[in-house]
Structure formats: structure tokens, C-alpha cells
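Let's take a friendly walk through this model, starting with a pair of helices and moving on to a sheet. Have the coordinates open as you read.

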Amino acid sequence: MDFEQKIAFDRIRGLLAAHCLSPISGTHLESLNFSTDWEEIVRWQEEAEEFRQLLLFEPDFPLRAHADLRQELEYLKIAGSRIQLESLCELKSTLETVQGVLVFFRVEQEKEKNRFPRLTACCSGINIPNELVRTFAAAVDEKGQIRDQASTELQQIRQQIRNTERDIEKNLKKMLVQAKQDHLVEPDAEMTVREGRLCLPVAAAFKRRISGFIHDESSTGQTVFIEPQEVFDANNRLRDLQLAERREIQRILLQLTDELRPHIPDILEAYSFIGYLDFVRAKAKFALEINGVKPLMYDKPYIHWQKARHPLLHLTLRKQQKEVVPMDISLNGELRILIISGPNAGGKSVCLKTVGLLQYMFQCGLPVPVSETSEFGRFERVLMDIGDEQSIENDLSTYSSHLKNMDRIVRESDPQTLFLMDELGGGTDPQYGSAIAEATLEHLAKMGAIGVVTTHFGNLKTMAETTEGICNGAMLFDQDRMQPLFRLQTGKAGSSFTFDIAERIGFSHEILESAKGKIGTAQIDYEALLQKLELEKIALENERKMCAATDAQLAELIAVQKEKNGSLQQQRHEIIRKAKQEAEDLLENANKIIERTVREIKEKKADKETVKSLREEVHKFHDQVRKTPLPPVVHKTGHIDIPEPQGGTIAVGDYVIINDTMTIGQVVERKGEDIVVSFNSVQFRTTVGKVTKTKQKPPQAGSRRSSAESMAIYTEMNRKATEFNLELDIRGMRAQEAIDELEHYIDDALLLQIHEVRIIHGKGDGILRKVVREFLAKNSDVKHFRDEAMERGGYGATVVEM
């Protein structure tokens, strides 16, 4: 059994093949191998990641399934050869696909930021003659047939065929009607085709009544199919025309092949290109299937993985609606060898195979199922000794086979090697096997190799605690529920839980007690205590993380509250400033009017009418002053005098605060979320979400404050109505900025009872369009939204119905 079978990479190949669109990519799939060329690894990873992004964000990418015509194209290089019609149709489709792909990447290359530089580079040197594609399109229709217009001769022949068929059908219809009248055929009989010629279905008893040629009979022998003598000549002419049509089509195909022949080398290059692109697509599709990503990459032997998962186990458990327990592992210059211990069936071998498979996938250019912040390095070789029978059948289960593999690993290892050994030292006397295993690890540590081993031997666990560069790892076990947790914990040795597992499966209690008496309970109690402490440590770590998350949330709330307090203080100062300014302007205007009035009376020695007129002007100014809205009351604490809110459901008769103007009114009507609020004889329609229930009542009608509030409402409504624009342009804004602007705009539209507005977000990358539509979809006040008409902006604008 070879290395790829041991780590199940052969199954990965099979899954990749299932995602290929064409057998052309099979060539690349067969050549998929472990690479040590760093530039090649990086290029493969970046190509796969770009195609993964392309699949996520460009669903209309023009790559389609295509036939492999490379062998036939090689044959067509011979002069006088002719392409088959079916092959021509496949070739035409493939060339159109290649053209579409090239156009896509050329457009992407002309953008300010090319999202797919690696894939764009693959297009270099690919040339498809546009004239050849146009020639094929002019000769072959969408149904794969040669067009009438492919040649003048073909057009004339097909016209004659249609005319002849029409004449034959017309004559046969007349004969069929006469035969029905003579009761020679069934009343519901119709013309039929036998051996390519139109015939009449005649009852066998009357076959001598119609002159003609019998082509066939029914399975029962009750009906014969006769070609009447009257249409012999016409059918013969039709047959001649059909043969002429076939000859003309063959001539056209020969002519098209001659035009194709000089371009065959370029077309073969295009096939290689489209096959490689299909192969990269298969890697990207597989990455999406296993949640694979391009990790951080370093050109050195290095492993620092987070949330690593075995891809095959992930797919299997997902079908069972289960989740794989992810693994964190780190192997570097300081910690080079990890010794994993723990119970049988606890996941030790799975961890070992996961390390081998993911590193092999990475150096084959495949995305790997890990966290995006995981770090992968490059190894010159990966060596493995696996002798278990959990999922891999092999003949290396004897101790001699283990020794042979261990010897090869020792001889070939260096600082650029990753080695993996399962049940190191097993298969022989534990006393001698553990000693050889310990000596082997000491040698590998001195060589500087990086590796992972699994074991049950206590001396190897002790060795990890005392030897630099070697660390213990444990597969955790839940003693309460008596089942493995499949979680790797580095830094501590694991227990085999031999007696616990034996008790779980119902092994003889008497024998187990006898066994415990033979070895003593000190070690058992010690391992149980260690396991208990580890589980408590995990529980405390989880609680610590929850506390940290709560602290972060609390800090965020405090920051928001501080920002609100600062905004409120700024609002307070602004209100006071405006009030002072308005007071100064008021006094100045009053003084000017009084001085002007006194001056005019003195200068003109005004009569009664003049004095009366001036007095009325002063009264008008006084009335204007009286009607000026008063500013809100600002307390020394910085708070604005806002009516006290009250919780609970809003019903008819309740008093509410209108949030936009901070005015108190009474609910006089409610239908679902829509309500009508009355204040100072004014009725205002809004929604429940735009008001707050309060215990306070509005001031008495006629009071100074009520008058001021009414004026404030009218002034604000008039201002909004005057300034409101039926179009909101958010182009150039950031996503959050655009959402804030849109939210205020929708509120104003509802306040003014506007039924339809237009949001201009532009086309670009479609990000603003996406966030706008997500916001509108969640807004219950929006009845419907759609793209604008093409002549008015198309999908660059969204029309919203309230």
C-alpha cells in the first residue's frame, strides 16, 4: 500500500474528479503530486483561492462542460481529412467557452485592481481566431445542424426537398381520404414513414386494392404499409435530393476543416488551458465542500494550525448532521516532536492522519480545512509508519514491518522532514519495544526532524517531560459519560483508561478487580485525578472566555454611553447658544423699531393716522415675537426637558411622545402598527415604532408651551416637506454611512406620507446595492422595491414603495 492510500489521498483524488467538467482535466488530476518547489506551491494555492472567490462572487463565469477533441484534432492535421458534424458542434461550443473566459479575464485585467491575477496569467499566450469562430457560427445553428445559408447550393437543394415533401404529402392526403371513404383504412389512420418513405397504413385484406410497394407490416400482420405507385417518382426524386444534400454537407465540412487546419496548434493550446482551468475549478469546488482555505504560508518546516479538520471525516459526519471536533497543533523550531497518548478509539490515529493528509494536500496545491489564520510551512518529505486496521488495510502489521519503516524514517530524516508514526514500539514485548521507541525518538530529536507519534508507553510520556523539543499531547476522555471527547490537549500526557473502557463494555468485574490488585491503584488514581483536573481546567477556561466576552460587551456599552453623554452636552451648549443669539436679535430688532418709530413721530410731527399706523407696525412685531417657538428647557445637569416615557402596549386613549419633535399627543386611532395621534386639534399619522408611551399629558390648550409646540411641529413639517427630495444619492458613501443616511431618509418619507422614492447607489462592485436591499428587506414600512428601468439607471438604482 503506497503513501497516498495510507493517508486516504486517493479518495481526495476521486472527490476532485467528481467536480471536473471534462475528461481533459483528468490529465492534470493524474499529475497532481506532492511538490517541494515553493513558488509552485504558492502559485497553486493562490490559483485555487482566486477560483474559490470567483465561484462565490461570479456565478455567471462562462466556464462550461466541454468534450475532449484533442485526438480528433491531431487526426485533422492530415490533409484531406474531414471533421464530423457532431465534432464540429462540440468544437464550436468549446471555442466559444474559451473566448468567453478570455474576455472575462481581459476585462478584469483592465480594472484598477485585478481580483484574479494568477488566473489572468494563465490566459497568456492563448489565441482563438475570432474569424474562425464566426465562420463556425455562420455554418452551424444552435441545434447542431448545418445552416441553409452555409452555401447557395445547399440552400437550393433544401428548398427543393421542402417543395417535393409538400407535394408528396398533399397527394398522399388525398389518397388517404379516398381510402377512408372506400373503407380500405381505419377511420383514424394517418400517414406514416417506413424506410424513409411516406406510406399508407392499409388493412391486409385490402392490400391488393391499392397499387404500390409494401414496405412493412404491423406485428399482428393486420396492417400493411404501402407506398402508392402515384408517389414513386416523387419519392425517388426526394431520395436523390437527400443524397445531394448529404454530399453538399460533406463538402462544406471539408471546406471548414481546411479553414480549421492552420489553427489546430492554437486550438490544442486552448484545450490544454481550458482543461487546466477546469482542474483549478475542481479544487475550488472541493474547497467549498470541505470549507477549505488558503492558509498563511512560510518557506520553512513549520506547522501552526488552528481548527484543523480531517476533510473525509468532515464530509462523513456532515451527512449524519454531526460536527468534527477541530484540532489545534503547533510544531516548530522549539517544539519539534509531539507524543500523543490517550484511550483506544479516542482519535489518536485520526490526529496523526489529519496532520499527514493536510500537509500533503497543502503541498499538492489544495485548499485545506483549517482556520484562515493557520500557518503552513514546506517540508522536503513526509514519512509515515501506520500499522493500524481502523480504516486502512495493509500488510505492515507485524513488528518486523514496523522496524523496517522505523529504520527508513531514521535514515531519511533531517530538519526538512515531517515524520508520522502510529503506536511507536508496538507489536512486540513492551519492555523492549518501548526502549527501542525511546531511543528512536532521541535520535530523531537530535536530527532536528519534526513529527507526531502515538503511543501507550509510559516511558515515552516521561521522556517528553524531560527532553527538550519533545512535548506530550493527550486525547481527552469524559469519565462521567465514559466516552472519548476527540479533543487534543497539548502539554500533558493522556491516559489509556484501560479499566474504565473495560468496565464500560461489561468486562468481568471480578477479573478487573484482580488486575487492579496486581498493579496497585496509585497509578490509576493519579491518572483519574489528572483527567479530572484537566476537565475542570477546560470548564474554567470556558467560563473565563465568557467573562472576557461579557467585559468586552460592557466596555462597548460604556463607550457608547459616554459618546451619547458627550453628544447631549454638545446639544445643550448649542441650544443655549441659539437661544442667546435669538434673544439678542430680538432685542436689537425691537430697539430698532422703537427708535425708528420715535424718530418718525418727532420728524413728521405725526398726526393721529400716522401714529396709529406706526402703532400697528409695533403690534405686528409683538405678535410675531409671541408666535416664535420657545426652545426646550435645559437643566443644569445638561439634560433636555423631555417628557418621561412609560413602557407597555400602546392603545387608543394613551398619551405618547412623538420621537422626532418630542411633542406629547393622544392616540385616537390604531390599526395594527399604524396609529393616529392628536395634539392641539392636529391629527398626525405615524407608526408605533416612531412614538414612546408616556404618563404625562400635554399642556392645556392656549398655554404658552402648547402654542410653542404647535408652531415647532408646523415649522418642522414645512421644512421637511420643502427640503425633501424624491431621490437619495448614496454613491461614494461607506456601507454604514449609507445605511444611516437611508434610515433617516425612509423615516422622513413616512412622516411626509411619500408613497415612492428612488435610491441611487450606482453599479460598481454591487456592495452598496446589496446592503441597501438587505436593509429594505428587513424594514416593515417598505412595501416593495425593485430595480429602476434600464433607461433610468437599471440596477444602479432601486425604486422603493412605502
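## Two crossing helices

Helix 6 (residues 85-109) and helix 8 (residues 130-139) have axes that come within 10 Å and cross at roughly 135 degrees. Axes here are lines fitted to C-alpha atoms, for helices over the stretch in contact, with angles from 0 to 180 degrees between N-to-C directions. Helices (H or I, at least four residues) and strands (E, at least two) are DSSP runs, numbered from the N terminus. Helix 6 and helix 8 are therefore oblique to each other; angles under 35 degrees count as roughly parallel, over 145 as roughly antiparallel, 65 to 115 as roughly perpendicular and the rest as oblique. Their crossing is left-handed, meaning that the near helix is turned anticlockwise from the far one by less than a right angle.

Which residues of helix 6 meet helix 8? Leu 88, Leu 91, Lys 92, Leu 95, Glu 96 and Gln 99 do, facing Asn 130, Val 133, Phe 136 and Ala 137 in helix 8; contact means heavy atoms within 4.5 Å. By class, this contact has 6 nonpolar, 2 polar and 2 charged residues. Ala, Val, Leu, Ile, Met, Phe, Trp, Tyr, Cys and Pro count as nonpolar, Asp, Glu, Lys and Arg as charged, and the others, Gly among them, as polar.

## What the model is

This is a predicted model, in which local features need pLDDT of at least 70 and side-chain atom pairs count only at pLDDT 80 or more, while totals for chains, interfaces and linings use all residues. Residues are numbered from 1 along each chain as its sequence is written, and side-chain values use heavy atoms, leaving out hydrogens and water.

In the order 18-17-16-15-19, 5 strands form an open sheet with antiparallel pairing; two strands pair if DSSP finds at least two bridges between them. Strand 18 (682-687) and strand 19 (691-694) stand at the edges with a single partner strand each, so one side of each is left without a neighbour in the sheet. From one strand to the next, the twist averages 45 degrees.

Strand 16 (residues 663-671) is joined to strand 17 (residues 674-679) by 5 bridges, and Lys 671 has Asp 674 as its bridge partner. Their hairpin has 2 residues between the strands, and Gly 672 takes a positive phi near 65 degrees. Strand 17 also pairs with strand 18, over 6 antiparallel bridges, with Phe 679 opposite Val 682.

## Confidence

The chain's mean pLDDT (the predictor's confidence in each residue, from 0 to 100) is 83, and 84% of its residues reach 70 or more. Over residues 388-397 the pLDDT is below 50. Residues 701-707 stay under 50.
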